[in-house]
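Please work through the exercises below with the sequence and the model at hand, and compare each step of the solutions with what is displayed.

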Amino acid sequence: MDPIRNPYAPGAGSPPPELAGRDTIRSAAHITLERARIGRPSKSLLMVGLRGVGKTVLLERIRQDAEASGVYTLSIESPENRSLPALLAPALRVALLRLSRKESARDKANRALRGLAGLVGAMKVKYHDIEVALDISPEPGLADNGDLEIDLQALFEVVGAAAADDDSCLAIFIDELQYVKEDELAALITALHRTSQRSLPVVMLGAGLPQVRGRMGQAKSYAERLFDFPEIGALTPDDARVAIAKPAMDEGVMIDDAALDAVITQTRCYPYFLQEWGKHLWDVAEASPFTLDHVHVAAKQAIAALDQSFFLVRFDRLTPLEKRYVRAMAQLGAGPHRSGDIANELNRSVSSLAPTRAQLINKGMIWSPSHGDTAFTVPMFDAFMMRIMPGDDWQ
């Protein structure tokens with residue numbers, strides 16, 4: 001097969017050739033944004049799910065849908081070592097400059113830019129990573145108190161007023177939300193609560209690992225009433241078949257039913273793995289149709305590729321003790337597992353391992369589905385750990 005024509009796209013946030021099985025959440029996001037635009041109550045959306053389920057891809061597709069409908073959007077990804085104000089300020093500046101070009105919203109958009117200048121100036125004392133150039137003078141008393149929770153509320157109010165004057169909406173897209181610090185998360189939730197109370201068209205659409213639901217509740221107890229938390233998981237088998245078969249069919253290539261069934265079983269219908277299997281299946285086959293024999297070869301190559309990239313990049317971030325902890329989890333199976341069972345595998349007490357468990361949660365490697373339970377955030381990571389740390393020497 002011609003590798004140049006290979007339609008599959010395994011990669012971090014790479015859009016797949018066929019975004020199957022996500023129409024419901026795209027529709028829900030559209031309704032949320034359109035209700036906000038006309039001043040009707042609407043909850044912000046926070047998609048939660050494991051690694052590899054396509055949250056980033058879906059978030060970007062929803063952003064593109066929103067832009068096409070005339071919504072002003074800003075898109076940020078939260079890394080572990082950056083503050084929310086540092087990420088939000090430059091993206092918000094660009095959105096407000098666009099809004100200020102509309103005659104209907106110009107005055108309030110410029111006032112919002114002055115408010116942003118005030119917030120940035122006040123926050124630079126605390127958040128040293130803020131780097132944004134604003135060629136506008138701040139308005140004294142507007143979002144310049146130096147308290148992020150107070151100032152962000154004031155700023156979002158004037159931003160929302162500007163968007164309302166243009167009969168539009170401002171949508172804030174934030175990926176990897178689990179890395180936002182709790183006090184910054186609390187300020188963001190409070191600001192969104194204020195705009196919701198005043199029916200102003202400012203909405204957040206975010207994505208994060210499953211633990212972000214609990215973190216939102218810890219940051220502000222009313223977060224559960226302010227947000228909807230759609231869970232993004234593996235595709236249904238039917239949708240997974242579409243995700244694999246349709247891109248090939250669009251290129252005039254067929255896949256045998258047995259081969260398709262094998263791909264569905266081996267990938268467990270996780271979108272990222274479907275793209276990885278599809279890519280290698282295309283590369284190993286010489287001609288259409290793709291057969292079960294092709295899948296057997298492609299699966300070995302796909303697993304090797306995942307081991308050297310998707311899995312290894314996460315493994316390499318771990319300390320020796322953290323590696324032993326997740327290896328103990330793998331010894332017990334896919335999970336979730338009780339913390340006591342993991343401790344028993346390591347011949348340690350639960351309390352002595354609590355800091356290690358907390359660090360792994362902070363790094364986004366594991367999460368707690370319920371009190372005392374621990375599970376991987378990366379599908380199939382248990383099998384990878386068995387491959388990379390075989391035998392009993394790890395104990």
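## Pockets

By class, 3 nonpolar, 5 polar and 3 charged residues make up the lining of the second largest pocket, where Ala, Val, Leu, Ile, Met, Phe, Trp, Tyr, Cys and Pro count as nonpolar, Asp, Glu, Lys and Arg as charged, and the others, Gly among them, as polar. The model is a predicted one, in which local features need pLDDT of at least 70 and side-chain atom pairs count only at pLDDT 80 or more, while totals for chains, interfaces and linings use all residues. Residues are numbered from 1 along each chain as its sequence is written, and side-chain values use heavy atoms, with hydrogens and water left out.

**Exercise 1.** Identify the residues that line the second largest pocket and the elements that give two or more of them.

*Solution.* Begin with the term itself: on a 1 Å grid over the protein atoms alone, a pocket is an open set of points with protein on both sides within 12 Å along at least five of seven lines, a cavity is a set of points where a 1.4 Å probe fits but cannot get out, and lining residues have an atom within 4 Å of a point. The lining then consists of E80, Q178, Y179, V180, K181, Q211, G214, R215, Q218, I361 and N362. Finally, the volume is about 340 Å³, taken as the space filled by probe spheres set on grid points that are joined across faces, edges and corners.

**Exercise 2.** Describe the lining of the largest pocket by position, element and class.

*Solution.* The largest pocket has a volume of about 850 Å³, and of its 42 lining residues A12, G13, G52, T56 and R314 lie nearest the centre. Elements supplying at least two lining residues each are α2, β4, α11 and α13, with the largest share, 4 residues, coming from α11. Sorted by class, the lining comprises 20 nonpolar, 11 polar and 11 charged residues.

## A strand and the cavities

**Exercise 3.** Is strand β4 enclosed or open, and which strands pair with β4?

*Solution.* First count the buried residues (under 20% relative accessible area with a 1.4 Å probe and protein chains only, against over 50% for exposed and in between for partly exposed). In β4 (residues 202–208), 7 of the 7 residues are buried, so the strand is largely enclosed by the rest of the structure. Then separate the faces: V202, M204, G206 and G208 are buried on one side, and V203, L205 and A207 on the other. For the partners, note that two strands pair if DSSP finds at least two bridges between them. Strand β1 (residues 44–48) runs parallel to β4 and is joined to it by 4 bridges, while β3 (residues 170–175) pairs with β4 in the parallel sense over 5 bridges. L205 in β4 has L45 opposite, and F173 also stands opposite L205.

**Exercise 4.** Which residues line each of the two cavities?

*Solution.* The structure holds 2 cavities of 30 Å³ or more. The largest has a volume of about 60 Å³ and is lined by L84, P85, L88, A89, L92, L116, L119, L148, L152 and L155; this lining divides into 10 nonpolar, no polar and no charged residues.

**Exercise 5.** How are the rings of F273 and F311 arranged, and where in the chain do the two residues lie?

*Solution.* Rings of Phe, Tyr and Trp (its six-membered ring) pair if their centres lie within 6.5 Å, and planes under 30 degrees apart count as stacked, over 60 as edge-to-face and the rest as tilted. The centres of F273 and F311 are 6.2 Å apart with planes at 55°, so this pair is tilted. F273 belongs to helix α11 (residues 271–284) and F311 to the loop between α12 (292–308) and α13 (312–315), 38 residues apart, and both are buried.
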